[in-house]
Amino acid sequence: MSIIKHYQWKCFSIEEQPHLLPDGREIPYTSIKHPGAVVIVPIDHNGDLVLVHQYRPAVSQWLFEFPAGTIETEEDIFICAQRELAEETNLAASQWQPIGQLLPVPSFCDEIQHLYVAKGLSATQGELDDDEIINVVTLSVAEVEQKIAANQIQDNKTLAAFLKARILGFI
């Protein structure tokens with residue numbers, strides 16, 4: 001069985017291909033192929049967190065999220081993180097720390113989200129994508145936790161990145 005590409009949109013595709021299971025059986029498996037993404041936890045000089053309040057058409061809602069974005073074709077992951085921070089927040093960072101990866105929907109998508117903590121923030125110029133409507137907000141850790149408790153932060157990558165950064169002692 002060869003790879004069957006059912007659909008291609010921007011950098012995402014839906015593909016069916018043979019997959020060998022751990023028990024030795026080969027099955028056809030359909031999944032979403034994704035180039036990967038970055039998620040940035042920006043922390044300012046006061047220890048406050050920079051988030052974006054972004055309109056998401058798929059759910060018709062405004063969501064609080066950490067800056068994030070898809071890795072472009074053949075783009076270095078770290079360069080993508082720097083680009084996305086600038087594009088979405090008009091900020092640059094002098095200190096970067098990778099803190100791991102997330103698998104947001106491993107049941108049907110191969111996306112890997114690469115997590116970074118960014119500190120030493122300073123103003124820069126970025127340009128939003130055409131489909132992005134974003135307001136930048138700075139919240140204390142306590143305010144973020146209150147929004148999480150009140151279900152006002154629902155984005156899974158933001159929740160997971162916050163938890164990871166918190167457990168690792170960055171916030």
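Q: Why is Asp 23 called exposed?
A: Its relative accessible area is 51%. The cut-off for exposed is over 50%. Asp 23 is above that, so it counts as exposed. The model is predicted, and the values here are computed from it.

Q: What makes the contact of Arg 25 with Asp 23 a salt bridge?
A: The closest N and O atoms of the pair are 2.9 Å apart. The limit is 4 Å between a side-chain nitrogen of Lys or Arg and a carboxyl oxygen of Asp or Glu. The pair of Arg 25 and Asp 23 meets it, so this is a salt bridge.

Q: How many salt bridges does the structure hold?
A: The structure holds 10.

Q: How do you know that Arg 83 and Glu 84 meet in a salt bridge?
A: Their N to O distance is 2.9 Å. The limit is 4 Å, so the pair qualifies.

Q: Are Arg 83 and Glu 84 buried or exposed?
A: Buried means under 20% relative accessible area. Arg 83 has 19%, so it is buried. Glu 84 has 3%, so it is buried too.

Q: What makes Glu 87 a salt-bridge partner of Arg 83?
A: The N to O distance between their side chains is 3.2 Å. That falls within 4 Å, so the pair counts. Both residues lie in helix H1 (residues 77–89), 4 residues apart, about one turn of the helix. In an α-helix, residues three or four places apart point the same way. Both Glu 87 and Arg 83 are buried. Salt bridges with shared partners join Glu 72, Glu 75, Arg 83, Glu 84 and Glu 87 into one network.

Q: How do you know that the span of H1 is close to the expected one?
A: H1 has 13 residues and reaches 18 Å from its first C-alpha to its last. At 1.5 Å a residue, 18 Å is expected.

Q: What is found at the start of H1, and what follows H1?
A: At the start, a side-chain oxygen of Asp 76 comes to within 3.0 Å of the backbone nitrogen of Phe 78. The limit for a polar contact is 3.5 Å, so this pair is inside it. H1 is followed by Asn 90, which has a positive phi near 60°.

Q: What covers the buried residues of H1?
A: The cover includes strands E4 (37–42), E5, E7 (68–70), E8 (91–102), E9 (113–123) and E10. Among the buried residues of H1 are Cys 80, Ala 81, Leu 85 and Ala 86.

Q: Why do E6 and E10 stand at the edges of the sheet?
A: The sheet is open, with 3 strands in the order E6-E5-E10 and antiparallel pairing. Strand E6 (61–65) and strand E10 (134–139) each have a single partner strand, so one side of each has no neighbour in the sheet. From one strand to the next, the twist averages 25°.

Q: How do you know that E5 and E6 pair?
A: Strand E5 (residues 49–56) and E6 share 5 bridges in the antiparallel sense. At least two bridges are needed, so the strands pair. His 53 stands opposite Phe 64 in E6. Val 52 has Glu 65 in E6 as its bridge partner. The hairpin of E5 and E6 has 4 residues between the strands, and Ser 60 there takes a positive phi near 50°.

Q: What makes E5 and E10 a pair?
A: They are linked antiparallel over 6 bridges. The threshold is at least two, so they pair. Val 50 has Thr 138 in E10 as its bridge partner.

Q: Why does Glu 74 count as exposed?
A: Its relative accessibility is 83%. The cut-off is over 50%, so Glu 74 is exposed. Glu 74 is in the loop between E7 and H1. Its phi is positive, near 60°, in a residue other than glycine.

Q: Why does Asn 151 count as partly exposed?
A: Its relative accessibility is 49%. Buried is under 20% and exposed over 50%, so Asn 151 falls in between. Asn 151 sits in the loop between H2 and helix H3 (156–167). Although not a glycine, Asn 151 has a positive phi of about 65°.

Terms used:
Residues are numbered from 1 along each chain as its sequence is written. This is a predicted model: local features need pLDDT of at least 70, side-chain atom pairs count only at pLDDT 80 or more; totals for chains, interfaces and linings use all residues. Side-chain values use heavy atoms; hydrogens and water are left out. Buried means under 20% relative accessible area, exposed over 50%, partly exposed in between (1.4 Å probe, protein chains only). Axes are lines fitted to C-alpha atoms, for helices over the stretch in contact, and angles run from 0 to 180 degrees between N-to-C directions. The expected span of a helix is 1.5 Å times one less than its number of residues. Contact means heavy atoms within 4.5 Å. A polar contact is a pair of N or O atoms within 3.5 Å; within protein, one must be able to donate a hydrogen and the other to accept it, and residues adjacent in sequence count only if both atoms are side-chain atoms.
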